[in-house]
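User: I am new to protein structure. Please walk me through this one with questions and answers.

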Amino acid sequence: MRLENKNLRVLVVGCGNMGSSHATAYHELDGFEICGLVSTGNSKVVLNEKLGGQYQLFNDYEEALEKTLPDAVCISTYPDTHEIYAIKAFEKGCHVFIEKRLADSLEGAIRVAAAAKVYGKKLLVGYILRYHPSWQRFIELSGEMGKL
């Protein structure tokens, strides 16, 4: 549970398009503090520079979990890593925000949801607005304009 006036420390895992978007939000919003950026490639360096260059960078997710001790983990990696990353985060006492898909299989998704329950942590799955009624209406109306 978050104490009053204490920022939620977030480890951002995956620094591509969605990870960058989430990291930027955590960087700019009150109440959050990025404790590390994790990716296997150069995207974490580029993102860190964009955000001012003050964040710890990691190639290895487990090392980042151990060294940063986050309150929450934001997972924006490829879906084949989602299940294992989320469960490891729960085991370390972290809440999890995870981009869709929750896992590569129904069984994996069930294991992730069960781990959240077992460890008493929050699990939030992000999704693109294409499922939101306002976005669906926007697409419908923009289709009347023709192709770009």
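The questions below go from the whole chain to single residues.

User: How many helices and strands are in the chain?
Analyst: This is a predicted model. From the N terminus on, its elements run β-α-β-α-β-α-β-α-β-α-β-α. The count for the chain is 6 helices and 6 strands.

User: What percentage of the residues in the chain is buried?
Analyst: Buried means under 20% relative accessible area. The chain has 148 residues, and the buried part of them is 37%.

User: What share of the accessible surface belongs to carbon and sulfur atoms?
Analyst: The C-alpha trace spans about 50 × 40 × 35 Å along its principal axes. The accessible surface of the chain comes to about 9,300 Å². The share that belongs to carbon and sulfur atoms is 56%.

User: Why does the span of helix α5 agree with its number of residues?
Analyst: Helix α5 covers residues 106–119, which is 14 residues. The expected span is 1.5 Å times one less than the number of residues. That gives 20 Å for α5, and the distance between its end C-alpha atoms agrees, at 20 Å.

User: Where around the axis of α5 do the buried residues Gly-108, Ala-109, Val-112, Ala-115 and Ala-116 lie?
Analyst: These five residues of α5 are buried. They cover an arc of only 120° around the axis, so they lie on the same side of α5. The general rule is that an α-helix has 3.6 residues a turn, so residues three or four places apart point the same way.

User: Which elements do the buried residues of α5 pack against?
Analyst: The face turned away from the buried side carries exposed residues: Leu-106, Ile-110, Lys-117 and Val-118. The buried residues have packing partners instead. Those partners are α4 (79–91) and β6 (123–126).

User: How many salt bridges does the structure hold?
Analyst: Side chains of opposite charge can pair when their charged atoms come close. Here the cut-off is 4 Å between a side-chain nitrogen of Lys or Arg and a carboxyl oxygen of Asp or Glu. The total for the structure is 8.

User: How many residues apart in sequence are the parts tied together by Asp-71 and Lys-6?
Analyst: Asp-71 and Lys-6 form a salt bridge, with the closest N and O atoms 3.3 Å apart. Asp-71 lies in the loop between α3 and β4, and Lys-6 in the segment before β1, so the pair ties together parts whose separation is 65 residues.

User: Which strands hold Arg-9 and Glu-33?
Analyst: The side chains of Arg-9 and Glu-33 meet in a salt bridge at 3.7 Å, N to O. The pair ties together parts that are 24 residues apart in sequence. Arg-9 is partly exposed at 21% relative accessibility, and Glu-33 is partly exposed at 33%. Arg-9 lies in strand β1 and Glu-33 in strand β2.

User: Which helices are linked by Glu-83 and Arg-111?
Analyst: Glu-83 forms a salt bridge with Arg-111, the closest N and O atoms being 2.5 Å apart. The two residues are 28 residues apart. Glu-83 is in helix α4 and Arg-111 in helix α5.

User: Is Ser-39 buried or exposed?
Analyst: Ser-39 sits in the loop between β2 and α2. Leaving out residues up to four places away in sequence, Ser-39 touches Cys-15, Lys-44, Phe-58 and Asn-59. The relative accessible area of Ser-39 is 9%, so this residue is buried.

User: Which peptide bond is cis, with omega near -10°?
Analyst: Most residues other than glycine have a negative phi, and most peptide bonds are trans. Arg-101, in the loop between β5 and α5, is part of a cis bond. That bond runs from Lys-100 to Arg-101.

User: What is the phi of Leu-69?
Analyst: Leu-69 lies in the loop between α3 and β4. Leu-69 is exposed, with a relative accessible area of 62%. Phi is positive here, in a residue other than glycine, with a value near 50°.

User: Which residues make the nonpolar surface patch of about 290 Å²?
Analyst: One member is in helix α6, namely Ile-139. Ile-139 is partly exposed, with a relative accessible area of 43%. The patch is made by Trp-135, Phe-138 and Ile-139.

Notes
Residues numbered from 1 in each chain as written. Predicted model: local features only at pLDDT ≥ 70, side-chain atom pairs only at ≥ 80, totals over all residues. Heavy atoms only, no water. Patch = residues over 30% accessible without salt bridge, like charges linked within 9 Å, V, L, I, M, F, W, Y side chains within 5 Å. Areas by Shrake-Rupley, 256 points an atom, 1.4 Å probe, with all protein chains shown as cover. Helix = DSSP H or I, 4+ residues; strand = E, 2+ residues; numbered from the N terminus. Buried < 20%, exposed > 50% of the residue type's maximum accessible area, 1.4 Å probe, protein only. Arc of directions from axis to C-beta. Contact = heavy atoms within 4.5 Å.
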